[in-house]
Amino acid sequence: MTALVALVPGLPLASAALLMLFGGRLSRRAAGRLGVGSVGLAALCVGLGAKGWLAGGAREVVLWTWFAVGDLAPRVAFHIDGLSVVMMGVITGVGFLIHLYSLEFMGEDEGLARYFAAMNLFVAAMLVLVMADNLLLLYLGWEGVGMCSYLLIGHWYRDPANGAAARKAFLVTRVGDVLLALGLFLLYTQLGTLEIQPLQALARSEWAEGSMLPVLATALLLGGAVGKSAQLPLHSWLPDAMAGPTPVSALIHAATMVTAGVYLIARLYGLFELAPATLAVVAWLGLATALFAALCALAQRDIKRILAYSTLSQIGYMFLALGVGAYAGAVFHLVTHAFFKALLFLAAGAVTHCLHHEHDIFRMGGLARRLPVPFAAFLVGGAALAALPLTAGYASKDAILLATWASGSSGALLWLGALAGAALTSVYTSRLIFVAFFGDARTTPDRRPGWRMALPLVVLGVASLLGGALVLPLDGVLPAMAHPDVPGAIIFITVAVPLLGVALAYALFLGGQLSVERYTGSRRGLALAGFLQRGWGFDALQDRLLVQPYHRLAAALRGEPVDRAVAAVVAVNGLAHRALTRLQSGELRWYARLSAIGLLLLLALGLRGSP
């Protein structure tokens, strides 16, 4: 068992190392096979081992002791239970399909080996994150996925905009990472351990529910989750991260990395249950992000930015579920979201790949017949995203909405907000499909996707339809999903609202029964559309409050004495370098003279120390 568990993160990690060291000497085909094959083998290991791993309940797989400093001796060890196996399956299964898709999408890229090295390193880091049995090892994976995100968003580094997007993602998520690190310091100093299971048991025995320490610790952990999962106000990096290749968007910013915060809270639910105030913040923050992002998506024109804001919104639903105590519901939506959002991103990549890299949906049109496979993928993925009946998205989101309704005194208000978000989701998803795939053709495709693009779309399409029937092995790991006694009217409204959203979008963007220009053509309408398209001005606000003052401070301190001290160190090293280079004259007589002088000095030192 130990060997099989170790192979899951070990295979993509070894592949990443080989591609980094020897990628320049490998052919494109060899680099692609190494990158895709390692993740495929890791997925096979998960598939072969899952049943046996789960048969005996939760278990620890210890590889070695990482280091020992005083009482702190964290291990490189993995905690295998239903939650970690679910996450391992999503990461390797969806990851393999995205890697396979990349062979065609990135086939002509000059940095293919570099791309697969970063992708495989990301997969390995994400696996370490979800398999870790202690928070320090989890933090190693946490920082690893952040670094790989920077590398992959900026993969096409020759475009300055891509480099700026990568730096923005790295810096904004670092804010949350610092808060998470502070939370780990607090937990270790107060409880004396960072092992996840013992830590939660100690917290329950030593801390009173609602007391200051659990509230402060969970608030710091929530800060880390907010940064990595792109929730308000640390969300602004995600839409700009669409500058990276589309498979990167599918893997990191839809199916895996942005769900790390959801996983963290679910894994530490025993700790968060001691802080009801923090859980309330989680719920309301998730709802606010879901509504904010859904409104922004309504006004976007770029096909990938629409999906990026959709990701923000769906992660918000997961946070809402966590906040109301529906931990298993949050993980269920995490899984179905990985299916249909990866499907939508890959379908969007197929469209832009075949459409001269056009991203504006209002320059597309009429693609339903010209690109039938991406169209079918968008129909299935869009239906799941909008939570239409008989899709995986309906099963998971409906469970969240019903759990929210029954969650307590504020449940009805949270449910109303979540229902409004569901309606907006249905409208902007239908708008994307109606505008891009119906109506008059504005851009003619120059190719059709090959089998390496089409096969992942088919597999993910089936998963997006049938994934709602999955029974996740979360019993005994997370609190069981409650089946609240909800009035029939509430169930009917929950089902009907997304359907009404589709009907409204049809009337506005395809059927012509309602005029969009009537609402957006006025001065106020244009101003509102611009406001939503700019993400409510969060970027401008952060630039004015944080970025510009920092640049002014750096400029003001450029000539400070500390800079002169650093320059002096550089100058001294330069002088020493020039003096040493003069010794290398290339003249044999000079070398012999130096050797003789050195020998005499050694003899003199030796004779001086003798009696």
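Mentor: Some ground rules to begin with: residues are numbered from 1 along each chain as its sequence is written, and side-chain values use heavy atoms, with hydrogens and water left out. Since the model is predicted, local features need pLDDT of at least 70 and side-chain atom pairs count only at pLDDT 80 or more, while totals for chains, interfaces and linings use all residues.

Trainee: Happy with that. Why are H1 and H4 called roughly antiparallel?

Mentor: Helix H1 (residues 2–22) and helix H4 (residues 112–131) pack at an angle of about 155°, with their axes 8 Å apart. Helices here are DSSP runs of H or I with at least four residues, strands are runs of E with at least two, and both are numbered from the N terminus. Axes are lines fitted to C-alpha atoms, for helices over the stretch in contact, and the angles run from 0 to 180 degrees between N-to-C directions. Angles under 35 degrees count as roughly parallel, over 145 as roughly antiparallel, 65 to 115 as roughly perpendicular and the rest as oblique. H1 and H4 are therefore roughly antiparallel.

Trainee: Which residues of H1 and H4 make the contact?

Mentor: On the H1 side they include Val5, Pro9, Leu13 and Ala16, and on the H4 side they include Phe116, Asn120, Ala124 and Leu127. Contact means heavy atoms within 4.5 Å.

Trainee: What is the handedness of the H1 and H4 crossing?

Mentor: The crossing of H1 and H4 is left-handed. A crossing gets that name if the near helix is turned anticlockwise from the far one by less than a right angle, and right-handed if clockwise.

Trainee: How do you know whether H4 and H5 are roughly parallel or roughly antiparallel?

Mentor: The axes of H4 and H5 come within 8 Å and cross at roughly 155°. By the angle rule, H4 and H5 are therefore roughly antiparallel. Their crossing is left-handed. Among the residues in contact are Met119, Phe122 and Met126 of H4, with Leu138, Trp142 and Val145 of H5.

Trainee: And what makes H13 and H19 roughly parallel?

Mentor: Helix H13 (residues 276–298) and helix H19 (residues 411–437) pack at an angle of about 25°, with their axes 9 Å apart. H13 and H19 are therefore roughly parallel to each other. H13 passes H19 in a left-handed crossing. Among the residues that meet are Trp284, Leu287 and Leu291 in H13, and Leu414, Gly417 and Tyr428 in H19.

Trainee: What makes H17 mostly covered?

Mentor: In H17, 10 of its 14 residues are buried. Buried means under 20% relative accessible area, exposed over 50%, and partly exposed in between (1.4 Å probe, protein chains only). Phe375, Phe378 and Leu385 are among the buried residues of H17, and what covers them includes H18, H19 and H20. H19 is mostly covered too, with 22 of its 27 residues buried.

Trainee: Why is Ser313 called buried?

Mentor: Ser313, in helix H14, has a relative accessible area of 0%, so it counts as buried. Ser313 touches Thr289, Ala290, Ala293, Ala294, Thr425 and Tyr428, not counting residues up to four places away in sequence.

Trainee: What does Asp159 count as?

Mentor: Asp159 is found in the loop between helix H5 (135–153) and helix H6 (160–191). At 38% relative accessibility, Asp159 counts as partly exposed.

Trainee: How do Cys45 and Cys296 count, and how many disulfides are there?

Mentor: Cys45 is at 9% relative accessibility and therefore buried, and Cys296, at 0%, is buried by that rule too. A disulfide is a pair of cysteine sulfur atoms within 2.5 Å, and the structure holds 0 disulfides.
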